[in-house]
Amino acid sequence: MPETPPLLSRVADSVYWMARYIERAENVARYIGVNLNLQLDLPMEPNQQWQPLIDTSGDTVDFKKRFGEATQANVIEFLTYDLANTNSIASCLRSARENARSVREAISSEMWTQVNSMYLDMQMQRRLPDPRQLHEILRSIRLGCHLFQGITDATMSHGEAWHFARLGRKLERADKTSRILDVKYFILLPSARVVGTPYDDIHWAAVLKSVSGFSMYRKKHGRLVPSEIVDFLLMDREFPRSIRFCVHSADESLHAITGSPIGSFAYPSEQVMGLLRAELDFTPVEHILAGGLHEYLDSLQEKMNTVDSCILNDFATPIPQSQAAGAHAD
Amino acid sequence: MRFDAYQTQGFRDEMFDDAGVVRPEARLLLDTIESLEEGQLLQCQRAAERLLLQMGITFNVYGDSAGAERIFPFDLIPRIVRAEEWAWIERGLKQRIHALNEFIDDIYHDQKILKDKIIPEEVIYSATFYRPQCAGINPPRRIWCHITGTDLVRHADGNIYVLEDNLRVPSGVSYVLENRDLMKRTFPQVFEGLRVRPVDDYPSNLLEMLESIAPPGTADKPTVVLLTPGMYNSAYFEHSFLAQQMGIQLVEGRDLAVQDDTVWMRTTKGLRRVDVIYRRIDDDFMDPTAFREDSLLGVPGLLDAYRAGKVALANAPGNGVADDKVVYAYVPDMIRYYLGEDAILYNVPTFLCWRDKDRQHVLENLDKLVVKAANEAGGYGMLVGPHSTAEERVDFAARIAANPRNYIAQPTLALSRVPTVIDDHFEGRHVDLRPYILYGRDIKVLPGGLTRVALRRGSLVVNSSQGGGSKDTWVLAAAAGEGN
């Protein structure tokens, strides 16, 4: 059987980022949508709900500087249309599309057409943003991203490039789930012990909906109990947006790329990912809550960032020495 | 939409004869179009444009804001070429490529054609794309022009002329394939009853050609890559399209490295050897150690690896010497010299401004002639006399006087026209035709090619950078029993 040649390092990097940006766009779109709904249920706290969205994206300083107050309009502009914010939906779609464009021969043409259409639609929305259409726009972005993933799985060979895409998607998803949990838990902390007021329920339901996890949680746990929600989002074996689930599939893809058996490692990225996986597999949620969820999520995010930088390092073959010297000889 | 009001306006038309009667080969097409419901053709046209945008079949416009992309306008009315005419064009192209390849090989070796005084040697040494670095190189199979995109035009006299040979890095073939695909998707009914020769096998033929030039001693299945300047290049769509169609890797200069005269690509599993490079990057930018030092796009040491026979390059560096428009004027002589045959395809009569007599004639007739810089492409550096202003003519006269070697002039050809959808009706627009020729084990001509159309009323300039669009080109298959 003919052997498929290994990917170019540059292509691996671009496919990985293409998938990450699509996943990021989807998460931001879903998160804004959930918040718009939440707003309707909590009319007396008009603007309090919007600051956490900015905090989740990690761009608090940039937002404060350019937009000031976290009003609904400001936050929506910043997270949806603003191209100066590299994590806005518009920016994510642009970056996903640029990355896809640079590796068009490595992905299927259906994938390219999908990401290109989403980008073009967004360009049009940006020219004439219509607040009344926002719900619909966010919904179509979410669906578009799901479609892209479906197309990816159905039209692209599940070889090395596909695994790099999956790796990017899963790491991004784990990162977003941890951020949403972190920000929301922090806000809800004072009331976390007082279970049962309708507002707590609404807030916790919003957390679950932010990761499309509401009905799946209900099936498994029934009542909305904070510690069980944390357990579900961190450790659930079956829910595809739980951090553990994401890390497991990221780990699978990483080993599919390197060829080393799961449970062993040949590259630093595999080692860091293996440690992360073991931790999620064997740490009881009570320990995490006792030690502080925020601290735990912080260290989790740091480890995921390490995985990310290790991956990019491990697969970037450097220019051979003699060549590098020649290139800079002048 | 109907053709009742269509006027050939005294121009040679590819679809109608001089009396305004539809040509027999276009009869069926005309009937199909006229039988469409009102508005259907325009609907198809808009659907095609939408598809082009969605598929990202765009080109970047230099000088426009970074990353600005435009679609290359596509017109639904195809250009039809009869089987017997095509057979003749194909023979002519094969002959021409054969002779040009002999010529380039000769120039970088014995230079017999210069010694025999068929072409003055100063013409060669002063050609911008002559590369002394390539002297003595023996490319695999001694092929220098692997992929050629010859520009053909039909003049008012009904004859087909070669306008340019485009040996260096010809582009546009992806539009040929995508245009056909687009036609089938948006306008399938027009194919009924016609035997249009398929073009889909071009990528297979291209890959086969590239594999055939692998350096001796390469493994069974050579590693072929396509080298692109990157996604901001105007032809990036084509680079990625062809790489995808051939299933080969699309690489940039930074993905490659040369060590021990061998070319390697940087992969996730370390360095992998590269055997054949289809490079879509000009000679100048290919290797900063051999050509332009300031090039950031190229691969240092690439020419050394090529000279050492460790990697094959298509097209061969240095072949642009034959793209010089002064050298062009000598192609019929080359055909006679190397092949002992008369040229099958016509050359456009060409005045060489470095000849005193020619220059005088050119300067006296600037308002009638087309003046071209010898080494420009893309419709730049050109004066179309009959459409020029007095000011432009003064400017060109000065340029010619300052650098006569760099200018040639040709009679203004009345390019033939094809009906084209303009707003809600048909108007004639001037076209040219660029067939693509592959030279590997043998010479193969893609049946058809890119028909470019000057969309501006009256314009003769078909280049995409100058308001041109394109059409599908239908080469009809010979009926059974009519020979090939």
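**View 1. Chain A is assigned two domains, domain 1 (7-156) and domain 2 (162-316).** These bounds come from an automatic or database domain assignment. We're looking at a predicted model, where local features need pLDDT of at least 70, side-chain atom pairs count only at pLDDT 80 or more, and totals for chains, interfaces and linings use all residues. Residues are numbered from 1 along each chain as its sequence is written, while chains are lettered from A and ligands numbered from 1 in the order in which they are written. Taken over C-alpha atoms, the centres of domain 1 and domain 2 of chain A sit 21 Å apart. Where they meet, 23 residues of domain 1 of chain A are in contact with 22 residues of domain 2 of chain A (contact means that the C-beta atoms, placed from the backbone, lie within 7 Å). On the domain 1 side, α1 (9-41) and α2 (51-57) of chain A each supply at least two residues, and α1(A) gives the most, with 17 residues. Helices here are DSSP runs of H or I with at least four residues, strands are runs of E with at least two, and both are numbered from the N terminus. That domain 1 side of chain A splits into 12 nonpolar, four polar and seven charged residues. For these classes, Ala, Val, Leu, Ile, Met, Phe, Trp, Tyr, Cys and Pro count as nonpolar, Asp, Glu, Lys and Arg as charged, and the others, Gly among them, as polar.

**View 2. Confidence in chain A is lowest in helix α16 (residues 321-327) of chain A.** The mean there is 47, against 96 in helix α12 (residues 243-258) of chain A, where confidence is highest. The score is pLDDT, the predictor's confidence in each residue, from 0 to 100. Over residues 323-330 of chain A it stays under 50, and the model has 10 contacts beyond four places in sequence for them. Chain A as a whole has a mean pLDDT of 87, with 90% of its residues at 70 or more.

**View 3. Four strands of chain B make an open, parallel sheet in the order β8-β7-β12-β13.** Strands β8 and β13 (312-314) of chain B are at the edges with a single partner strand each, so one side of each has no neighbour in the sheet. Pairing means that DSSP finds at least two bridges between two strands; strand β7 (residues 224-227) of chain B and β8(B) have three. Look for L227(B), whose bridge partner in β8(B) is V251(B). Lying across β7 and β8 of chain B is α8(B), which runs at about 150° to β8(B).

**View 4. Helix α7 (residues 202-212) and helix α8 (residues 236-246) of chain B pack at about 80°, with their axes 9 Å apart.** Axes are lines fitted to C-alpha atoms, for helices over the stretch in contact, and angles run from 0 to 180 degrees between N-to-C directions. So α7(B) is roughly perpendicular to α8(B) (under 35 degrees is roughly parallel, over 145 roughly antiparallel, 65 to 115 roughly perpendicular and the rest oblique). P203(B), L206(B) and L207(B) of α7(B) meet L242(B), Q245(B) and M246(B) of α8(B). By class, that's five nonpolar, one polar and no charged residues.

**View 5. Chain B meets chain A through 30 residues of chain B and 28 residues of chain A.** Among the elements giving two or more residues to the chain B side are α2 (40-54) and α8 of chain B. This side of chain B has 11 nonpolar, 12 polar and seven charged residues.

How values were computed:
Two residues are in contact if their C-beta atoms, placed from the backbone, lie within 7 Å.
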